[in-house]
Amino acid sequence: MAADQRSKADTLALRQRLISSSCRLFFPEDPVKIVRAQGQYMYDEQGAEYIDCINNVAHVGHCHPLVVRAAHEQNQVLNTNSRYLHDNIVDYAQRLSETLPEPLCVFYFLNSGSEANDLALRLARHYTGHQDVVVLDHAYHGHLSSLIDISPYKFRSLDGQKEWVHVAPLPDTYRGPYREDHPNPAVAYANEVKHVVSSAQEKGRKIAAFFAESLPSVGGQIIPPAGYFSQVAEHIHKAGGVFVADEIQVGFGRVGKHFWAFQLQGKDFVPDIVTMGKSIGNGHPVACVATTQPVARAFEATGVEYFNTFGGSPVSCAVGLAVLNVLEKEQLQAHATSVGSFLMELLRQQKIKHPIVGDVSLPRRHRGVGLFIGVDLIKDEATRTPATEEAAYLVSRLKENYVLLSTDGPGRNILKFKPPMCFSLDNARQVVAKLDAILTDMEEKVRSCETLRLQL
Ligand SMILES: Cc1ncc(COP(=O)(O)O)c(C=O)c1O
C-alpha cells in the first residue's frame, strides 16, 4: 500500500510501534499527516492547505522546481564522493566565497549542521591547541555527543555541564540581566563572556572557541545588540580561542539586509569559522564549514585526511548551487526584508491590542529581522513572565486554522516565524488575522470566566 493511502490513524499506530518516541512529532495530541508541499504551503492527506511558518529548511520554498531539477539532472549523470575532480564542488565553493568576507576562503562540505559544528570544534581545537568552549545559555548546536556537550538546551536535562564547557548569559535585552534601558548592553553582555573566560582560566582551563548562533534561535529568537560579537571576539582572541558563528538556522539571506546574520553585527566583524546547514540545500542534506587559511592550515598540518563519504558530492553541490541561483533570481533576500518588515508591523499592532503580546519590537531594538521573527508572549508586562500554556494553546488553535507555527525559548513562550523565504505579504495578513481572532477569542473566554467567578 502506498504510504499516502494509509489512513492517518494507521500511520500514527505504525509510527508509535516502529519509531522511537524520542523522535517527536509536532502537535503530538493531534499530529498532522503531510503528503506534499509546494512553496510556503503544506498539504495533508485530505488535501487541506496549511501556511507553513516553521520550515526554514525549505528556504526557497518546498520542492522548488529548479532545485528539484538540479538534483534530478545531476543524479542522472554522476553522484560520487569528493575524491574525484569535479566542477560542481569548486563552482559551489567559489559562489559561497563570493558571499563571505575575504578571510573565510577555505571550505569543507558535509551532510548536516551537526557534522558542521563537530568539524568546527575539531578545527578550533587543532588551531588553538586548547580544549575548552564557551557557549551561550540555552543554545543548541546539534545532536552529536560533542555538540550535546556544548548545548545547554540539551545537557541540562542529561549529564550536566562538562568541565571543559563554560556558559555565558544570552545577550537578551528583553529578559536578560541587561535590558532595553541599559546604556550599553553589547559591552555589558560581552563583559559577561570576559568574566566566564577569566574564571575558566583561573582554574587552569584554556579556551579553544566561543560558539554562538548569529541569532540565537532555540534561545528565543534573540537579536544580540550590535557590537556584541566584536567585543566577544576580542576577549576570545585574547584568550587564544576562535569565534564560531553558527549560521545553520539563520544564514542565506533570511535576515534580509545581509546574506549572513553575523553581518548584522557590523562590517568589521568576521568570525574565524562559519557553519552552515538546513537552508543551504532546501531540504537536501548539505552542510558546510567555511574558515580562514590559518585555521585550515593547522588542521592540514596533522597530516590526517578529512573524508566525508557524501559531503560535497556532485548532487549536493548542484543542489547548493541551485539554491543560490533561486535566491538571486527571485531576489528572496530583498523579499525577506519587505515581507518581514510588513509582518513585524502587523505584529506590533497586535502588541497594542492584546496585552499577552510582549516583545515584538521595542524602541531601541527589534525582536525580528527579515523573516526571522519572535513574538514573546507574557502573562503580564511588569514581570514579563512567560505565557507558556497560552503559547501552546495558540499554536494548536492556529493549526486548526491551517497555520503551522511553533514555539521556542527557555519558557517555550516565543512564537517563532521562520517561514520559507517565498512567504508573501498576503500570507502575513492571513496569519496575523487568524492570530488576532484567536487572541480576541481567548480574551473573551477569560473575561466571561471572570464575570462568572464574580457572580458566584
Ligand atoms: C543552530 C543549530 N545548529 C546546529 C543544528 C544541527 O543541525 P542538524 O539537525 O542538521 O544536524 C541545529 C538543528 O536544529 C541548529 O538549530
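Helices and strands here are DSSP runs, numbered from the N terminus. The structure you're looking at is a predicted model, so keep that in mind as you work through the exercises.

**Exercise 1. Find where Lys 418 sits, and work out which residues it touches and whether it is buried or exposed.**

Step 1: Start with the place. Lys 418 is in the loop that runs between β18 (414–417) and α13 (425–455).

Step 2: Look at how covered it is. Lys 418 is buried, and yet it has no salt bridge.

Step 3: Check the nearest side chain of opposite charge. That's Asp 408, 4.1 Å away. A salt bridge needs a side-chain nitrogen of Lys or Arg within 4 Å of a carboxyl oxygen of Asp or Glu, which means a cut-off of 4 Å decides the matter.

Step 4: List the neighbours, skipping residues up to four places away in sequence. Among those that Lys 418 touches are Cys 53, Asn 55, Ser 217, Gln 249, Arg 254, Phe 372 and Asp 408.

**Exercise 2. Which residue is the salt-bridge partner of Asp 408, and how buried is each of the two?**

Step 1: The side chain of Asp 408 meets that of Lys 416 in a salt bridge, with 2.9 Å from N to O.

Step 2: Now compare each value with the cut-off: buried means under 20% relative accessible area. Asp 408 has 3%, so it is buried.

**Exercise 3. Find the nearest side chain of opposite charge to Asp 52, and its polar contact.**

Step 1: Go to strand β3 (residues 49–52), where Asp 52 lies.

Step 2: Search for a charged partner. Asp 52 is buried but has no salt bridge, and the nearest side chain of opposite charge, Arg 254, is 8.9 Å away.

Step 3: The side chains of Asp 52 and Asn 55 are joined by one of 2.7 Å.

Step 4: Look further along the chain. Leaving aside neighbours within four places in sequence, the contacts of Asp 52 include Gln 40, Met 42, His 62, Leu 404 and Phe 423.

**Exercise 4. How many residues surround the ligand, and how much of its area does the protein cover?**

Step 1: Count the surroundings. There are 13 residues around the ligand, and the closest are Gly 113, Ser 114, Asp 246, Gln 249 and Lys 278.

Step 2: Take the backbone first. A backbone N or O atom of Gly 113 is 2.9 Å from an oxygen atom of the ligand.

Step 3: Move on to side chains. Asp 246 has a polar side-chain atom 2.8 Å from a nitrogen atom of the ligand. In the side chain of Lys 278, an N or O atom lies 2.8 Å from an oxygen atom of the ligand.

Step 4: Finish with the cover. On its own the ligand has 390 Å² of accessible area, and the protein covers 85% of that.

**Exercise 5. What is the phi of Cys 63 and of Arg 384?**

Step 1: Recall the background. Most residues other than glycine have a negative phi.

Step 2: Read the angles. Cys 63 has a positive phi, near 50°, and Arg 384 has a positive phi of about 55°.

Step 3: Cys 63 is in the loop between β3 and α2 (65–77), while Arg 384 is in the loop between β15 and α12.

Step 4: Cys 63 is partly exposed at 45%, whereas Arg 384 is buried at 10%.

Key
Residues are numbered from 1 along each chain as its sequence is written. This is a predicted model: local features need pLDDT of at least 70, side-chain atom pairs count only at pLDDT 80 or more; totals for chains, interfaces and linings use all residues. Side-chain values use heavy atoms; hydrogens and water are left out. Helices (H or I, at least four residues) and strands (E, at least two) are DSSP runs, numbered from the N terminus. Buried means under 20% relative accessible area, exposed over 50%, partly exposed in between (1.4 Å probe, protein chains only). Lys and Arg count as positive and Asp and Glu as negative; His and the chain ends are not counted. Contact means heavy atoms within 4.5 Å. A residue is near a molecule or strand if one of its heavy atoms lies within 4 Å of it. A polar contact is a pair of N or O atoms within 3.5 Å; within protein, one must be able to donate a hydrogen and the other to accept it, and residues adjacent in sequence count only if both atoms are side-chain atoms. Accessible areas come from the Shrake-Rupley method with a 1.4 Å probe; for residues, only the protein chains shown count as cover.
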